[in-house]
Amino acid sequence: MWIGWNEFDILLGDVHSLKGKRSVVRPLIADIRKHFQISVAEVENVSLHRRVLLGVSTVSGDRFYLEETLNKVEDLVARRPEIELLASKLRIVQSTDF
């Protein structure tokens, strides 16, 4: 079994409040879930209104499929015009590594 996750450090564009942040982050999370059927959550920077750390994760029996899926998620995030993807940290491990 392969386990993969990616952390996205995101800078939001013209956002001046936590309410404005939610109006950008919620649709992004919903879009990722809809297209890829994987787990996604805001994992840090919850109280900062212009920064978001999103975590996505998935499990698969096929490493290639898992890596391809996580790369497609990164592409989707990077193409959003209202945000700037500052960094992405991809990790893939096999269950026997634990």
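Two strands pair if DSSP finds at least two bridges between them. The model under study is predicted.

**Exercise 1.** Determine in which order the four strands form the open sheet, and which strands lie at its edges.

*Solution.* Step 1: the strand order is β2-β3-β1-β4, and the pairing is antiparallel. Step 2: β2 (39–44) and β4 (83–94) each pair on one side only, which identifies them as the edge strands. Step 3: on average, neighbouring strands of this sheet are turned by 20° against each other, direction ignored.

**Exercise 2.** Identify the strands across which each helix lies.

*Solution.* Step 1: helix α1 (residues 18–36) lies across β1 (2–12), β2, β3 and β4, and runs at about 15° to β3. Step 2: helix α2 (residues 63–78) lies across β1, β3 and β4, at about 10° to β1.

**Exercise 3.** Is Arg-80 buried or exposed, and which side chain does its own side chain meet in a polar contact?

*Solution.* Step 1: Arg-80 belongs to the loop between α2 and β4. Step 2: its relative accessible area is 16%; buried means under 20%, so Arg-80 is buried. Step 3: its side chain is joined to that of Asp-31 by a polar contact of 3.0 Å. Step 4: leaving aside neighbours within four places in sequence, Arg-80 is in contact with Pro-27, Leu-28 and Asp-31.

Methods: Residues are numbered from 1 along each chain as its sequence is written. This is a predicted model: local features need pLDDT of at least 70, side-chain atom pairs count only at pLDDT 80 or more; totals for chains, interfaces and linings use all residues. Side-chain values use heavy atoms; hydrogens and water are left out. Helices (H or I, at least four residues) and strands (E, at least two) are DSSP runs, numbered from the N terminus. Axes are lines fitted to C-alpha atoms, for helices over the stretch in contact, and angles run from 0 to 180 degrees between N-to-C directions. Contact means heavy atoms within 4.5 Å. Buried means under 20% relative accessible area, exposed over 50%, partly exposed in between (1.4 Å probe, protein chains only). A polar contact is a pair of N or O atoms within 3.5 Å; within protein, one must be able to donate a hydrogen and the other to accept it, and residues adjacent in sequence count only if both atoms are side-chain atoms.
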